[in-house]
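Visitor: Please take one part of this model and look at it closely. I would like the packing inside the protein, with the cut-offs spelled out.

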Amino acid sequence: MTYRTSDPSRQADLVDLMHAVASRDETAFKRLYDRTSAKLFAVVRRIAISEAAAEEALQEAWVRIWNHADRFDPALASPITWMTTIARHAAIDAVRKGPERASATAVVLDEELADKLPAPGSTTDGLTGPQLRRCLEGLEPDRRGMVLLAYSYGYSREELSRRFDKPVATVKTILRRSLIALKECLGGR
Amino acid sequence: MADNNEMEGLAGEYVLGTLDRPERDAVDARSASEPALRAAIGDWAERLQPLADDAGEQAPPQSLWTSILASIRSGGSGARVQLLERTVRRLKIATIGFGAAAAVLAIVVASDRLVPPPMPGANYVAVLNGEGGRPAFVASVDIDTGMIRLRRVGDAPPPDKSFELWQVPASGPTVSMGVADNLSDLMPMNVSLKPGEKLAISLEPRGGSPTGQATGPVMYIGDLLPAE
């Protein structure tokens with residue numbers, strides 16, 4: 001990991017870089033890119049259906065970061081979190097423009113999901129969010145699956161509806177209830 | 001509170017990625033004037049960020065930075081974009097007849113299974129034909145984003161060669177717009193395209209022309225047409 005959300009000095013560096021990027025500083029933009037693009041690419045790669053699509057989405061994400069850096073507010077979110085949201089949205093836009101996801105990926109996803117939620121009490125390295133993990137484990141399996149497929153793999157309500165064999169409106173209700181439950185579990189913060 | 005839950009749900013779904021595009025755009029528009037919504041989105045993004053951290057790290061290809069830089073330089077400059085938009089508007093007024101040609105082209109493009117319709121907001125299209133008039137590439141240019149999408153209809157280049165895209169101005173030297181070896185390439189535009197120009201594809205050594213000018217044969221060429 002070259003980036004740690006928990007490291008305040010790195011965090012401050014990134015905030016400074018974001019401000020410089022907002023004033024169109026290409027050197028700062030390159031430094032920001034060098035520090036964070038591997039992380040963003042990994043996030044985008046999980047959502048995109050191919051390596052090429054991931055590259056395209058990452059490029060789009062960085063153009064959006066450049067264009068909207070002036071909207072970044074360090075009081076609301078950390079730079080990496082703000083950029084992650086932009087990158088995930090860019091990847092999601094790319095996925096939803098394209099053809100249906102191949103159903104073969106579903107099998108891989110099931111295995112990945114199983115890996116993603118190890119037994120309670122297993123070691124965590126501080127970056128994987130033990131609190132969030134615990135709260136996700138508190139959700140019913142279907143609900144947990146929906147949240148993870150949506151966040152990590154960019155599933156739309158429609159895709160979740162097909163995968164879990166529930167009406168789209170129900171999916172929306174379940175997602176929102178799950179989110180509220182997560183928020184409460186995390187202490188409302 | 002019901003209102004608060006509604007906003008929390010909306011902000012949560014915004015971050016989760018399950019809003020459709022119009023819903024998400026509406027949230028973006030609202031949040032500009034609603035600090036509470038902005039704050040809720042920030043909180044949700046931080047809450048769920050550990051899931052993104054789980055993805056680890058994967059270095060993108062080296063070439064990507066060059067593309068990004070070219071893209072922000074061509075698309076990021078407001079003045080240049082405005083100039084191009086004005087050109088396009090004039091062109092639309094001057095050549096209404098071309099609209100029909102573009103519409104026909106759109107149908108051709110849409111009916112070919114290999115070639116999805118041009119991306120929304122495309123301002124120019126071009127069909128690049130080779131010998132015998134068979135289309136080999138369809139290009140769509142989006143002035144707003146400063147991007148050009150190139151879809152290959154014909155054969156891939158030989159393994160040791162690359163296809164390279166060129167801007168062919170009415171006069172003056174051709175300018176390389178990048179290598180186009182994939183079935184679909186989305187590339188930032190390093191040039192400002194004008195009506196009356198052509199796009200051409202030449203066959204170059206793998207990775208593109210070493211000289212900055214076409215060294216191999218021109219394989220495909222087509223006129224730039226305004227599109228709606």
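Guide: What follows is a close look at the largest nonpolar core and its surroundings. The model is predicted: local features need pLDDT of at least 70, side-chain atom pairs count only at pLDDT 80 or more, and totals for chains, interfaces and linings use all residues. Residues are numbered from 1 along each chain as its sequence is written, while chains are lettered from A and ligands numbered from 1 in the order in which they are written.

Chain A has 9 helices and 0 strands; helices here are DSSP runs of H or I with at least four residues, strands are E runs of at least two, and both are numbered from the N terminus. Of the 189 residues of chain A, 41% count as buried. Buried means 20 or more other C-beta atoms within 10 Å of the residue's own, exposed means 12 or fewer, and partly exposed is in between, with C-beta atoms placed from the backbone.

Now the core. The largest nonpolar core holds 67 residues. Such a core is a set of buried Ala, Val, Leu, Ile, Met, Phe, Trp, Tyr and Cys residues joined through C-beta atoms within 7 Å. A:Val44, A:Ala57, A:Ala61, A:Ala87 and A:Ala91 have the most contacts inside this core. Helix α4 (residues 79-97) of chain A gives the most to it, with 10 residues. Another core lies apart, with 29 residues, among them B:Val125, B:Phe137, B:Met187 and B:Ala227. In soluble globular proteins, nonpolar side chains tend to be buried together.

Zoom in on A:Val44. Neighbours within four places in sequence are left aside. A:Val44 then touches A:Ala54, A:Ala57, A:Leu58, A:Ala61, A:Ala87 and A:Ala91. A contact needs C-beta atoms, placed from the backbone, within 7 Å. Across chain A, take contacts between residues at least 6 apart in sequence: 65% join residues at least 24 apart.

Two loops are worth a stop. A:Arg24 sits in the loop between α1 (8-22) and α2 (26-47) of chain A. A:Arg24 has a positive phi of about 70°, although it is not a glycine. A:Arg24 is partly exposed because 14 other C-beta atoms lie within 10 Å. A:Asp165 lies in the loop between α8 (157-164) and α9 (168-185) of chain A. A:Asp165 is not a glycine either, yet has a positive phi of about 55°. With 7 other C-beta atoms within 10 Å, A:Asp165 is therefore exposed.

Technical notes:
Contact = placed C-beta atoms within 7 Å.
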